[in-house]
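Today I opened my notebook to look around a new model. Here is what I looked up, entry by entry.

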Amino acid sequence: MACCLGSALLLLLLLLGSASSAGQNHCLDAAEACTADARCQWLRTEYVTQCLARSASGDCDLARCHRALRRFFSRGPPALTHALLFCQCTGTECAERRRQTFVPACAFVGSNPSPPSCLEILEACELSPVCRPRLLAFQASCAPAPDVCLRGQGPRCLRAYAGLMGTAVTPNYVDNASARVAPWCDCGVSGNRREECESFQGLFTRNRCLDGAMQAFDSGWPSILQEQLDSHQDPGHSLLQISSADQSLEGSSLLAILSVLALKPLL
Amino acid sequence: MATGRVLCVCLLFLSLQLGLSWSLDAAQQAPVPTGQVLSEQPKETGGTRRPPLGAPHPQLRPRRAPATACQLWSLTLPVAELGLGYASEEKVIFHYCAGSCLRGARTQHGLMLARLRGQGRAHGGPCCRPTRYADVAFLDDRLRWQRLPQLSAAACGCG
């Protein structure tokens with residue numbers, strides 16, 4: 001009796017949870033939400049185009065790719081661009097999609113088949129008028145002092161992290177098995193500056209604030225996308241989006257009401 | 001008896017869920033007019049026109065010959081339905097131009113053609129076609145980026 005009730009509840013949860021056709025792959029959901037928004041879709045196609053273009057020598061045009069990536073994050077709707085960047089994954093396929101989302105073959109690896117020294121890219125960033133302020137903002141919001149995490153700084157930290165995309169220290173997810181991020185560099189050849197090198201690398205790989213902020217992003221997931229749908233300026237598109245969102249919300253609440261009514265006599 | 005009831009409840013929800021997803025899919029596949037919204041791209045000023053506020057409600061079945069003026073429509077398609085051999089879980093938005101060009105031909109040629117057609121001296125009139133195209137990009141099932149240049153319409157005009 002109890003096990004039958006339990007399996008019925010499980011089935012109900014599954015049905016309620018899968019109201020949308022996209023299912024559990026948050027990164028795929030984020031990609032579709034971006035595609036559905038005219039501005040996000042245009043900016044996304046733009047960075048993909050720039051980052052896939054190969055010159056005669058076979059290299060990609062890193063400057064163009066990076067510029068298009070920076071534009072994506074600065075001009076795109078933040079809810080959608082951040083959803084693409086910070087989507088949470090439980091499976092390998094989702095995580096691999098997340099790793100490939102920003103064309104790492106060009107934007108992340110660039111023309112360096114093996115990772116350069118972190119000190120080298122740090123120096124390049126400090127000399128760059130674009131990268132330097134962004135790195136400073138990232139350090140201020142995500143690592144103000146060793147082992148210090150300011151309360152409520154999560155969104156600002158994530159915004160600062162997104163600002164690093166398309167700079168000399170562009171970070172990316174390092175594999176499809178975890179949510180670890182790092183820039184394309186290592187500390188192998190750092191001589192007597194090894195500590196400095198590892199401290200810079202630790203900004204990404206051993207950063208509690210950043211990890212916490214990324215995890216906290218996911219818990220606000222449905223409300224972020226719903227806010228985006230509601231605040232959309234484009235009437236033509238928004239007609240389509242709001243009507244389908246309303247239907248899915250109506251559907252789940254209908255199921256919820258019916259489930260409560262139906263299960264009452266069983267209890 | 002209790003298990004029978006549980007079974008009935010489960011079947012009820014399954015049918016509801018299927019019905020809901022079918023109507024959702026159908027609504028998503030209905031073409032929606034988007035006015036000229038895609039002509040206003042970020043940082044591209046040019047001549048932008050706001051879409052009409054009273055945009056028509058999406059219908060479940062599009063009519064054969066739209067009685068509306070030439071405008072941009074959109075259709076959400078799974079990549080497999082593009083019929084180009086790609087496999088991907090993503091959906092793309094395909095924009096196209098449709099509508100009548102009885103009025104509002106915006107080129108010299110179109111205006112002349114409309115006039116001659118009205119006089120019965122020309123076989124056809126100006127037609128609603130894209131004036132600008134847009135690329136479409138997606139990650140395929142092998143998680144490689146694919147790009148389809150100039151696949152979708154970005155703006156429409158009568159020519």
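How many helices and strands are there in chain A? I counted 14 helices and 2 strands in chain A. A note to myself: this is a predicted model.

**Chain A overall.** I looked up how much of the chain is covered, and 46% of the 267 residues of chain A count as buried. The accessible surface of chain A comes to about 13,000 Å², and carbon and sulfur atoms make up 57% of that surface. Next I checked the contacts in chain A between residues at least 6 apart in sequence: 68% of them join residues at least 24 apart.

**The nonpolar cores.** Which residues touch the most other members of the largest nonpolar core? In this core of 56 residues, they are Tyr47(A), Phe72(A), Phe102(A), Phe138(A) and Phe200(A).

**A hairpin in chain B.** Cys128(B) turned up again here, with Cys158(B) in β5(B) as its bridge partner. Strands β4(B), residues 128-139, and β5(B) run antiparallel, and 10 bridges join them. Between the two strands of this hairpin I found 5 residues, and Leu143(B) takes a positive phi near 60 degrees. Is β5(B) mostly covered or mostly exposed? It is mostly covered, as 10 of the 14 residues of β5(B), residues 145-158, are buried.

Terms used. Residues are numbered from 1 along each chain as its sequence is written. Chains are lettered from A and ligands numbered from 1 in the order in which they are written. This is a predicted model: local features need pLDDT of at least 70, side-chain atom pairs count only at pLDDT 80 or more; totals for chains, interfaces and linings use all residues. Side-chain values use heavy atoms; hydrogens and water are left out. Helices (H or I, at least four residues) and strands (E, at least two) are DSSP runs, numbered from the N terminus. Buried means under 20% relative accessible area, exposed over 50%, partly exposed in between (1.4 Å probe, protein chains only). Contact means heavy atoms within 4.5 Å. Accessible areas come from the Shrake-Rupley method with a 1.4 Å probe; for residues, only the protein chains shown count as cover. Two strands pair if DSSP finds at least two bridges between them. A nonpolar core is a set of buried Ala, Val, Leu, Ile, Met, Phe, Trp, Tyr and Cys residues joined through side-chain atoms within 4.5 Å.
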